[in-house]
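The exercises below concern a ligand and its surroundings. Work through each task before reading its solution.

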Amino acid sequence: MPVNINAYRTIRSTLDAAKVTLVAVSKTKPIEDILALYNEGQRNFGENYVQELVDKHAVLPADIRWHFIGHLQSNKVKYIAPFVHLIHGVDSESLLKEIEKQALKHQRMIDCLLQVHIATEETKFGFDEQELLNLKIREFGNLKIRGLMGMASFSDDLNLVRNEFKKLSSLFSKCQQTLHLQPSTFNLLSMGMSGDYTIAIEEGSNMVRIGSLLFGERNYNK
Ligand SMILES: *Cc1c(COP(=O)(O)O)cnc(C)c1O
């Protein structure tokens with residue numbers, strides 16, 4: 001399926017008006033598809049797999065801001081540390097420490113979001129509320145925790161989805177108050193995908209990760 005430029009323009013203008021950042025999720029999609037949106041002015045792209053991200057970063061324009069949105073293994077942080085713009089799925093203290101170590105090595109600051117488990121599916125990753133509030137956050141020098149990320153249940157029950165986003169949104173406010181992070185730094189709430197981003201924005205999201213609405217359905221068997 002080709003890139004849907006009209007969908008992109010419509011979604012982008014709605015999100016711009018609402019001051020919500022669009023991360024175009026390009027996993028499994030070819031370079032040409034990414035360039036098609038790049039030529040429309042899109043700069044934030046999201047990828048889930050380290051090798052795929054590294055390969056795409058090497059050949060695509062340098063001003064693309066690459067978001068890593070997948071599940072990141074500690075031993076792979078080093079491959080994306082030199083250039084990654086924002087890591088969305090940080091779900092353990094050991095991963096935070098490894099990112100900090102690699103950021104220091106490359107003498108840069110790496111921005112991260114803490115992933116929170118809000119869905120009913122056990123297979124999804126993330127901290128629970130108590131773990132999050134217990135995190136020792138000020139230890140990190142070359143790493144900035146910019147906010148929270150979460151994925152709602154994959155469900156037709158829109159009330160369930162809305163309640164999960166509500167939960168994440170209120171946890172976000174709670175973190176701003178209890179974790180002693182500056183509101184100007186801890187200000188990103190990444191929630192919402194193709195199927196649920198309008199609900200996510202109604203519940204306070206300011207960053208959405210949209211793939212299939214822009215690029216078409218993914219084919220993992222290629
Ligand atoms: C693949 C993916 C998306 C995009 O999903 P769509 O339903 O295609 O919009 C968003 N967030 C994460 C974490 C993903 O893995």
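Ala, Val, Leu, Ile, Met, Phe, Trp, Tyr, Cys and Pro count as nonpolar, Asp, Glu, Lys and Arg as charged, and the others, Gly among them, as polar. The model is predicted: local features need pLDDT of at least 70 and side-chain atom pairs pLDDT 80 or more, while totals for chains, interfaces and linings use all residues. Residues are numbered from 1 along each chain as its sequence is written, and side-chain values use heavy atoms, without hydrogens and water.

**Exercise 1.** Describe the shell around the ligand.

Step 1. The ligand is surrounded by 13 residues (a heavy atom within 4 Å). K27, N48, S194, S212 and R218 are the closest.
Step 2. By class, the shell holds six nonpolar, four polar and three charged residues.

**Exercise 2.** Find side-chain N or O atoms close to ligand oxygen atoms, then state the cover.

Step 1. In the side chain of S194, an N or O atom is 2.5 Å from a ligand oxygen. The corresponding distance is 2.7 Å for S212 and 2.8 Å for N48.

**Exercise 3.** Characterise the largest pocket.

Step 1. The largest pocket contains about 770 Å³ of space.
Step 2. Its lining has 29 residues, with K27, K124, M151, M193 and R218 closest to the centre.
Step 3. The lining divides into eleven nonpolar, eleven polar and seven charged residues.

Methods: Polar contact = N/O pair within 3.5 Å; in protein donor to acceptor, adjacent residues only side chain to side chain. 1 Å grid on protein atoms, 1.4 Å probe; cavity = no way out; pocket = protein on both sides within 12 Å on 5 of 7 lines; lining within 4 Å. Points joined across faces, edges and corners; volume = space filled by probe spheres on them.
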